[in-house]
Amino acid sequence: MDLTVERLAKMIDHTELKPETKREKIKQLCEEALTYHFATVCINPVHVQYAAELLKDSDVKVCCVIGFPFGATMSSVKAFEAREAVKLGAQEVDMVMNIGALRDKNNDLVRSDIETVVGASGSAHIKVILETGFLTDDEKKQACVLAKEAGAHFVKTSTGFGPMGATPHDVKLMRETVGASMGVKAAGGIRTFKDALRMIEAGADRLGSSSGVALIEDFRWAQYSDAWTQPDKPCWTCPSRQANLAKQPKEIYLYYKQRCLTCPDRDQNIFND
Amino acid sequence: MSKPSSDQYSDAWILHVSLSDRTVRREPFPHSLFTNFLGGRGLGVKLLYDRLAARLDPLSPDNLLVFAVGPVTATAVPTSGRFAVITKSPLTGTIFDSNAGGSFGAHLRRAGYAAIMFEGRSSSPVYLWLNNDNAEIHDASNVWGTDTRLTTRRLLDETDSQAQVACIGPAGENRVKLAAIITDEHRAAGRGGVGAVMGSKNLKAVVVHGTGKAAVSNEQALNKAVERARRLIKKNAVTDKSLPVYGTAVLVSVINEHGMLPTYNFQEGTFNDAEGVSGEKLLERLYVRQYHCYGCPIGCGRISRVHGEEVGGPEYETIWALGPQCGINDLEWIAAANHRCNLLGIDTISMGSTIGCAMELAQKGKLSAPLRFGQTDGIFELIDDVAFGRGLGAELGEGSRATALRHGAPELAMQVKGLEIPAYDPRGVQGHALGYATSNRGGCHLRSYLIGPEIMGVPVIVDRDRTEGKPSLVILYQNLSASMDSLVLCRFTNFAWTVDDYADLLAGCTGLQIDGPGLLALGERIWNLERLFNLREGLSSRDDKLPPRFSTPLPEGGSRNRVVNLEEMLPKYYALRGWDKEGRPTKERLKRLGLAKV
């Protein structure tokens, strides 16, 4: 893919989801989005109306997170939240799926939860956040299938508040599962243009990042050296490296760590970097 | 000769100061010098290359000492108050430039000068008083022998309280090869013994007061570039958070975690007491306030309180050199020792590294001296002895290379080309290691600061253990650093700005039609001219090497089992540079760089 600065910018959801975010920060976020022509600003519901005013008549959309960051509220509440956000100006909705239900293999509940939000969101595009750090690969694939069946437009890796960020492994898995007709958004831990390129190579067509400006600005370094994109140590981009017993269920943590034992790159997993 | 209009940098003067006959004269700054070498480091290198005879004694009257600013100095460009000092180093025998912050550079530019070139030797101590376009050589006998703080304050009393002073302390007066030039009492053009060259000329200080305006060529373009540059600094986590909050000492924990904090003269890469000398601890225990150099929105400098006294620093490199390098974990002591070095006018990096070398010599029975890793007893006195050339201090004042050689263990000097290697063990960073080996001024971390991409992930993280791709990355950073040092801007802007930003700022200031690749080409020209200078001095590819210690794996820590694979990178580096296998620039490359006739 012949990636330009402009094309990269159009793939970025310029994101600010911290609970302590002040209005001034939202204003800055929107101004930056207008300057760089990002795809959207991705924000919490409380800021949607203000951002919609600032971005009125522009090519930058408002993206609102729903049921964030746990996805553990009732479907009716998610639907209400989505409906209100769309009414206030949100054109894209990033909802967190019912993660526990997915792990319970309650597929109907997961699907209906998504369908309810899709139905409440009118013409807004729906992205379903899987929070991959709580799931096995089989569960990620199952979540993708359910999101597609429910009429969502994108599947998205992570909230950025969960146990893991986006990895090329997960993005590739999700892309292979949903095919070309659905979007895949990589989010969580994407801080540099190299992270972005890795995700795009793996199949992402949307990137969520609170470092959107840095991604674009630093991308200008790319013209000066090929060394930036030399292969990394395999562990760097592997989900197993991010696994954390303090943040994950024990069985999920062990699922990732046990993969290390049979990994073909095991010999390179020596240093703590 | 008419006064320069100063609405263009290239209309500024070069001030020639002959110290032997105490005369000054101004000459125009040739436009071709500006377009080919910019200013600062590049200008100084060109002046020295053209005027110095090969292999002269750096401490002889024939050596030149150049103070230079750049085309963006004293403009709205952030960090544009720095100045460069360029000379032939008595420590390394190479071309050498060292630059410092503060506000001295801004005043020099505002006085209408691009550079001051000192030649000869005064028969008695003097200082230069440059009050806008009036240059006078004054007697300095009343400040000769005094420390840099007292010198600064007395000279400001004598001249103008609004002026800026760059001076040497007793170390420079005594031609100690570790002597620095100090400005604003604690900012140092520290490395390479530039202070000794100043002392060898009996030049105690330069005092400058400039009230003019560094007008620019394209105000609108510059404003746009500056607005952008400031915004990027505010958006960058290093320049907006880490450096303002912790100062450069933020690196102590980061580098230690990577097992690259040289400990016990690079025998280990992890210091057990790193937390006690960290940026966090500095903030908790000694911090008084930030210090900003001229026009700097970052403010990495620290003012600390030590034993009831406010002192400058300490910086990361100093904390390491006087701390873990010598096994010392007492942060207050380190801050006090740093202050002592500043007063005496000594480069803290080379000082600490050389003391660490002496400690290992003593540890291994090569040197009979009461020096032990971790012991601070007697070190203050030893630093004083270095400055005044007494006893063991006189030996150490020659630097680690000479000290280790004298005691039959040259391999224990952690230096390249005679310059002590700073606070990053190269075994943990292949690209940075190549940068050390090929630096034109010796063991320097700033010529190609690959700690950015290899450790900090700026602009992106690259595998620090890989050798593939590193030669090209080192060359990119070396060429950029040569340009930045010729604009004379702070290295830390590089965390936030790309090559293009520097080009835009230069274009806005001067009207020079230049883009990022063009700026790098200028840097490449300067780098190659420095190489030619060093080759003329008798250096060769044999000097592009690292101490043998770095071929032995670190025993533990985050960089354990690693060695530097220099032999994998150096031939590729030479080839990419357009140099032959002996590290000599080819005629074709010199022609391409416009250096065929030098």
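User: How many bridges join E3 to E4 in chain B, and are the strands parallel or antiparallel?
Analyst: In this predicted model, strand E3 (residues 65-68) of chain B and E4(B) are joined by four bridges and run antiparallel.

User: What stands opposite Val66(B)?
Analyst: Ile86(B), in E4(B).

User: And how many bridges join E4(B) to E5(B)?
Analyst: Six bridges, to strand E5 (residues 95-100) of chain B, and that pair also runs antiparallel. Within this pairing, Ala84(B) stands opposite Asn99(B).

User: Which residue takes a positive phi in that hairpin?
Analyst: Gly93(B), with phi near 75°. The hairpin has six residues between E4(B) and E5(B).

User: Back to E4(B), residues 83-88. Mostly covered or mostly open?
Analyst: Mostly covered: six of its six residues are buried.

User: Which residues are on which side?
Analyst: Phe83(B), Val85(B) and Thr87(B) are on one side, with Ala84(B), Ile86(B) and Lys88(B) on the other. Both faces are covered.

User: Switching to chain A. What does the domain assignment give?
Analyst: Domain 1 covers 5-227 and domain 2 covers 231-273. Their C-alpha centres lie 25 Å apart.

User: How many residues does the contact take from each?
Analyst: Eleven from domain 1 of chain A and nine from domain 2 of chain A.

User: Which helix gives the most on the domain 1 side?
Analyst: Helix H8 (residues 168-178) of chain A, with three residues. The residues on that side of domain 1 of chain A divide into four nonpolar, five polar and two charged.

How values were computed:
Residues are numbered from 1 along each chain as its sequence is written. Chains are lettered from A and ligands numbered from 1 in the order in which they are written. This is a predicted model: local features need pLDDT of at least 70, side-chain atom pairs count only at pLDDT 80 or more; totals for chains, interfaces and linings use all residues. A residue is buried if 20 or more other C-beta atoms lie within 10 Å of its own, exposed if 12 or fewer, and partly exposed in between; C-beta atoms are placed from the backbone. Helices (H or I, at least four residues) and strands (E, at least two) are DSSP runs, numbered from the N terminus. Two strands pair if DSSP finds at least two bridges between them. Domain bounds come from an automatic or database domain assignment. Two residues are in contact if their C-beta atoms, placed from the backbone, lie within 7 Å. Ala, Val, Leu, Ile, Met, Phe, Trp, Tyr, Cys and Pro count as nonpolar, Asp, Glu, Lys and Arg as charged, and the others, Gly among them, as polar.
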